[in-house]
Structure formats: structure tokens, C-alpha cells
Amino acid sequence: MTEDLKLIVLEVNKLLETEYNLITFDSLSPESLLQVMIDVFHAFDAIDKLDVRENDPEETNVHVMDALRKIQYRPPGDMDDPGAFRRGLVRGEKKLIHPILRWTFDNRERVKKSSYLAKFLIPLDLPPEAMSMPDLSSMWVQYLQTMDDFKDAHRAYEQSVHEGAQTRELRSDIGAIETEIENVKKRIERTQTRLDKVPQQELLLEAANSLRIEKERQKELLSQIEEQKQGLNRASMIHDRLQKDLHNAKMSVQGATPQNLMDSLIEETQVLEFMVQQKLPQELLQRRSEVQTLQEVIDEPNIARSDLVEMQSKIDELNREIQKHVEVRMAEYNIQNDTLGPFRQQAAMVARNKEAAAEQLDQTTKELREIDNQLQDKQRKLQDTVGEVILRGEELKQFVNTLRAKSNVYKQQRADLASVKAEVTDLSQTLENLKTQDPSLSSTLSQVTDEDSSMAGSSLASGGEFDSRPGSPGIASRGMTELTRLVDGLQRAVTAARERVTPLSQQLRPLRERVIELKDEMDSKKQSYDALIATLNAESAVMQSKITDTEKSIKALEQQWQELQLEFERSELLLEKANEEIANLAAINGDGASGKPARISLKETLAQQIFEQETIGKRLVEERGNLQGSKTERQRQQEMWGDLKRLFEVKIRCFQDNKLRGPGGTLSVSRGGAETFILQ
């Protein structure tokens with residue numbers, strides 16, 4: 001992203017002659033950034049000069065979209081909403097303008113060409129009513145014909161420019177080929193003159209041809225031998241892998257007995273039976289209840305905010321009443337007589353653990369299936385990449401070691417080759433310097449080369465030896481002596497350098513072997529470390545599960561203690577109320593004797609509250625029946641409101657489209673021939 005911004009800033013400064021940097025350009029306001037994009041389009045002649053601050057945003061958006069259409073810019077593929085793209089351009093969003101500027105600068109020539117052609121090839125936007133006028137219709141046909149003529153002329157111009165460039169390239173290629181032909185002819189002539197001086201040249205040519213053929217056959221045989229070795233290595237690797245798989249299969253089957261297999265099958269069958277008979281029906285029932293609830297929510301008519309508030313208040317009131325009744329029932333229920341309570345708790349705990357284990361088994365099965373699919377995909381990709389041979393374990397380690405050794409040999413040979421090339425370059429440069437210092441050295445070297453070749457040919461023909469006496473004619477020149485001395489000095493220097501490098505390379509070889517051994521040892525230690533870490537993680541997971549179970553049991557005991565405490569408080573409260581009731585009864589008896597009014601008992605109070613709740617329940621049932629009866633009317637009203645909403649949306653869209661297309665109107669012709677154009 002930073003590289004794109006750097007390129008944009010550099011191109012904008014170059015094109016608009018500004019002095020932006022990364023910070024100032026990135027901190028531009030949306031309006032200024034949109035103005036920069038419009039100025040860039042104006043520099044490419046794709047839009048007229050305009051000021052964003054003075055123009056209307058809708059008009060600016062129309063001009064910008066027209067410019068993008070001229071330069072043939074396409075928004076990114078993930079931009080599905082054109083309206084969001086237009087709004088983002090009007091707001092000057094960086095995530096839209098920066099890619100447009102980058103694309104414009106990357107396709108500079110294409111943008112220039114598109115902007116130039118857009119002036120002449122984009123037709124005018126005329127309303128359909130205007131085509132009914134004869135004069136305007138004939139001018140429109142002429143306009144389209146002129147546009148077609150311009151297309152043909154521009155196409156012919158581009159073809160001529162392309163042909164001219166191809167002609168220049170062909171001429172330059174022909175000149176280079178002719179020069180190369182002349183050089184080859186000169187080389188052939190020089191080689192022919194040297195060859196004419198050699199006796200028995202036909203025998204030498206035949207021997208050279210036979211030598212070349214034998215070398216080619218030797219290369220073919222070596223390549224065949226290498227292919228056979230590689231095939232043998234692959235076959236041996238496949239054989240070793242199959243032997244290892246066979247050994248693993250034998251080891252896995254070695255301790256298996258019919259009883260063990262039967263036990264594993266019984267355990268797997270029990271697990272699957274639990275999943276099918278208990279877990280899956282519960283999940284299916286839960287999904288059905290959720291679907292039913294969602295269907296009821298969908299079927300319900302539209303509810304206003306006041307209805308929601310009222311229903312929430314009723315729900316809260318009912319919850320409070322239910323809580324009171326539950327407290328009363330729990331107060332009447334003696335938990336001490338419940339001898340099966342601990343067993344129920346244990347059964348519930350076992351059921352929860354069973355459900356958790358089933359969920360974990362389901363999740364683990366899904367993960368295993370996904371991992372198997374990924375493994376198969378990767379094995380398929382690896383097989384498509386490297387062929388049938390797939391190395392694993394020790395085979396892979398052996399192959400990596402072999403590849404590392406070959407890589408070391410290759411690096412050493414490449415270093416030797418680089419040193420030899422550097423030496424050849426130094427000797428060539430020295431020879432060129434000597435030739436520039438002594439011009440007669442070139443002719444002397446050519447004469448010496450010719451004499452050496454003739455002497456080599458005569459010695460090969462006669463079976464004699466080369467004449468290398470110091471007094472031989474043609475070798476006693478001063479330049480050749482200096483060249484020989486210089487070459488000897490260079491050879492001694494190279495020999496001394498090699499002697500200095502040889503002990504260092506000998507010292508380096510055991511160090512490399514030591515590094516390889518240490519790396520192998522590190523790999524083995526790393527494997528041991530990974531295995532130990534995996535074991536520790538497994539043990540820690542087991543301990544964590546035990547800790548979690550213990551915490552859950554502690555929380556269950558705490559919750560049980562809290563429930564017992566609440567039960568004790570409720571018992572005390574009931575005891576107090578019973579004492580108050582006894583006192584009230586005694587007071588009622590005394591007041592009856594004295595003529596005072598009797599107080600209402602607790603039983604009568606609860607009976608009155610129960611009667612009130614039943615009345616409220618009946619009223620809610622009646623309200624529910626009324627709501628169900630008005631369901632059809634509410635649905636029809638909702639559909640009418642939806643139709644009205646869609647009608648308004650269509651009108652708004654038509655209004656926006658008319659606004660984007662610009663001013664238009666209708667053309668009406670009266671009976672007298674008068675024409676009237678009404679703007680809209």
C-alpha cells in the first residue's frame with residue numbers, strides 16, 4: 001500500500017507540478033483529494049476544468065462518472081453496489097480514489113488514447129422525442145456516418161503506424177543479420193587459410209568428426225546411466241516404503257485378538273447407538289422447536305413499541321407471581337423426606353457428562369474428517385508435483401542429507417568455476433593491455449599460432465616431437481618473451497593462491513561435516529523435545545479436565561448449600577406466619593366473644609390471589625384469541641404498507657435517474673402544426 005501511495009504522489013507531482021509528500025498527500029481532505037483526481041483527469045483531457053467547492057455534488061458526480069466512462073475504468077470486482085461507489089466518490093474516500101489514480105498512471109497511454117477517442121466516438125445524449133424532427137433525424141444519421149468514417153480513418157492510421165514500426169524493426173534486423181553474415185564469412189576465410197597450411201587435413205577432420213560423435217554417444221550413455229540410477233533409486237525407495245508399511249501393518253495386527261476386536265466393535269456400537277437414540281433426537285427436537293418458534297414469530301402480526309412494553313410488563317408480573325407460587329410450593333415440600341435427591345443429582349451429573357462427551361466426540365469426529373480431507377488433498381498435490389515417490393521419515397531424512405551433500409559439492413564446484421572465470425578474465429584483460437602497449441604483439445601472436453598449428457600437424461603426421469629449442473626461428477622476439485614471462489608470473493601467482501586456499505578448504509571440510517552432524521543431532525533433539533512437549537500438554541490437559549470437574553462439583557455443592565439455606569429461611573418464615581396465624585385465631589375467638597370484626601386468614605388471602613391470577617389468565621387467553629382473529633387483517637395491512645413503500649422507492653429511483661440523465665422534456669405538436677417542448 002505504501003509503494004502505491006509513493007507512486008501516486010510521484011506521478012501527481014510530475015503531472016500537476018505540485019510538491020506533495022506522503023504525509024501531506026495522505027492527510028488531504030476528501031474534498032481536496034477529489035479535486036486532485038479531477039485535475040489528473042483534466043490533464044489527460046478526460047474532463048473539463050471544474051472546482052469541487054463551487055459545483056453541486058450531484059453535478060460533480062455526473063462529470064466524474066462520465067470521465068471514468070471515457071477512460072474505460074472498471075470498479076473492483078468486490079464492489080457490488082454502484083450507488084455505494086458513486087457516494088464514495090462524492091465523499092472523496094481514499095479506498096476508492098487511490099486505486100483509480102494508480103490504475104490511471106499504470107495505464108497512461110491507454111487513458112490518453114481513450115480520452116482522445118471519447119471526444120469523437122461517444123454519441124450525444126438526445127431524447128427520443130427529438131428524433132421525430134426530420135431535420136434533426138437527417139443530421140443524426142450524418143453524425144453517425146461521420147463517426148464511422150472517423151473510426152475507419154483512426155484504424156487505418158494505427159495500422160500504418162504499426163506497420164512503420166515493424167518496417168524499422170525489420171530493417172534493423174536485416175542490417176544486423178548482414179553484419180553477422182559478413183563476420184561469419186571472415187571467420188570462415190581465416191579458418192580456411194589456417195586449415196590450408198595443415199597437412200593431411202582430411203584425416204584430421206575425420207578424426208575430429210569421429211571424436212565428436214563418440215563424445216555425443218558418451219553423453220547419451222552417461223545420461224542413460226543416470227536415468228537408470230534414478231529409476232533404481234526410486235524403485236528401491238518404493239520397495240523400502242512398502243516394506244515399512246507391511247511391517248507397520250504386521251505390528252498393528254500382532255497384538256489383536258478376536259476378543260479385543262469384539263470389545264472395540266461393541267464400544268463403537270454403543271457410542272453410535274447413544275448418538276442415534278439419545279443425542280440426535282434431542283438435537284432434532286431442539287431444531288424443530290426453534291423452527292416452530294421462528295414460524296410463530298413470522299406468523300405474528302406487526303407489533304408496535306407500546307404493545308411490546310405492555311407485553312413485557314405482563315410477562316414480568318407473571319414471572320413474579322410464578323416465583324411466589326414456586327416459593328410457596330418449595331416451602332410446603334419437605335426436602336428431608338427426599339432420599340433420592342443425591343441419586344438424582346448424580347444421574348443428572350452423569351447425563352451432563354455424557355452429553356459433553358458426546359458433543360466432544362462429535363466435534364473430534366468432524367475435525368478428524370476435515371484433517372483427513374486436507375491430508376488427502378495435500379497428498380494428491382504432492383503426488384501431482386513430484387510423481388509417485390513420496391518420501392517419509394528416515395527416507396526423507398536420507399534424501400535431505402544426500403541433497404545437502406550434493407548442494408555442498410555444487411557450491412564448491414561453482415566457487416572453483418568462478419575463480420577460474422575470474423582468472424581467465426584477468427588474463428584476457430592483461431593480454432589486451434599488452435596489445436595496446438605493443439601493437440606488433442598481435443601480428444606476432446598470429447604468426448606464432450600459425451606456426452604452432454603447422455608444427456602440430458607435421459608432428460602428428462610424422463609421429464615426431466615439437467621443436468621447442470630456444471633458437472627456433474620466429475620465437476625470439478621481444479614481445480613474445482615478455483608475454484611468456486608475464487604468463488609464467490601469473491601462473492606462479494595462481495599456483496601460490498591455490499596453495500594458500502587448499503589448506504583452508506581442507507580445514508573447512510571437517511567443519512562442514514561437523515555442522516551437518518550437529519544439525520542432525522539438533523533435529524533428533526528437537527523431535528525428542530516435541531514429543532516431550534506433546535506428553536506434557538496431554539498430561540496438563542488431563543489435569544485441567546480434573547480441575548474443571550472438581551470446580552464444577554464445588555459449584556454444585558455451593559449451589560445446593562444455598563438452596564438449603566433458602567429453604568431454611570423459608571421454613572423460618574412459614575413458622576413465623578404459622579405462629580401469627582395461631583395468634584390471629586386466638587384473637588378472632590376473643591373478638592368474636594367481644595363483638596369485634598374478624599381478621600382475614602392467610603389461607604383466604606392466598607385463595608383470593610389464586611382467583612385473581614386465574615382471572616388474569618382467562619383475560620390473556622381471550623386477548624390472544626382476539627389477536628389471532630385479527631391476524632388476517634393485520635397481514636393485509638402490512639402488505640398494503642409494503643406496496644406503498646415499494647411505490648415510494650420506485651418514485652425516488654425514477655427521480656434520481658432523471659436527475660442523473662440531466663434536463664429532459666416532452667415534445668407536443670398541436671393541430672395547427674405548432675410544436676411545444678416542455679421541460680421536466
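**Exercise 1. Find the salt-bridge partner of D530 and say how the pair sits in its helix.**

Solution. Start with the contact: D530 pairs with K526 in a salt bridge, and their closest N and O atoms are 3.4 Å apart. That passes the cut-off, which asks for a side-chain nitrogen of Lys or Arg within 4 Å of a carboxyl oxygen of Asp or Glu. Next, place the residues: D530 and K526 are four residues apart in helix α15 (residues 478-594), so about one helical turn separates them. Helices here are DSSP runs of H or I with at least four residues, strands are E runs of at least two, and both are numbered from the N terminus. An α-helix has 3.6 residues a turn, so residues three or four places apart point the same way. The classes are buried under 20% relative accessible area, exposed over 50%, and partly exposed in between (1.4 Å probe, protein chains only).

A word on the model: it is predicted, so local features need pLDDT of at least 70 and side-chain atom pairs count only at pLDDT 80 or more, while totals for chains, interfaces and linings use all residues. Residues are numbered from 1 along each chain as its sequence is written, and side-chain values use heavy atoms, leaving out hydrogens and water.

**Exercise 2. Describe the salt bridge between E214 and R217.**

Solution. The N to O distance is 3.9 Å. Both residues lie in helix α9 (residues 201-254), three residues apart, which is about one turn. E214 is partly exposed at 44% relative accessibility, and R217 is partly exposed at 47%.

**Exercise 3. Work out which parts of the chain E11 and R108 link, and whether each is buried or partly exposed.**

Solution. The side chains of E11 and R108 meet in a salt bridge of 2.3 Å, N to O. This pair links distant parts of the chain, with E11 in helix α1 and R108 in helix α7, 97 residues apart. E11 counts as buried at 12% relative accessibility, whereas R108 is partly exposed at 23%. A search of the whole structure gives 12 salt bridges. Elsewhere, E310, K314 and E623 are linked in a salt-bridge network.

**Exercise 4. Check the span of helix α1 and list its buried residues.**

Solution. Take 1.5 Å times one less than the number of residues as the expected span. For the 15 residues of α1 (residues 2-16) this gives 21 Å, and the end C-alpha atoms are 21 Å apart, so the two agree. Its buried residues are L5, I8, V9, E11, V12 and N13. Their cover includes α2 (22-26), α3 (30-43), α6 (94-106) and α7 (108-121). After α1 comes E17, with a positive phi near 60°.

**Exercise 5. Classify the ring pair of Y73 and W103.**

Solution. The whole structure holds three aromatic pairs. The ring centres of Y73 and W103 are 5.3 Å apart and the planes stand at 70°, so this pair is edge-to-face. Rings of Phe, Tyr and Trp (its six-membered ring) pair with centres within 6.5 Å; planes under 30 degrees apart are stacked, over 60 edge-to-face, and the rest tilted. Y73 sits in the loop between α4 (57-70) and α5 (82-91), and W103 in helix α6, 30 residues away. Both Y73 and W103 are buried.

Key
Contact means heavy atoms within 4.5 Å.
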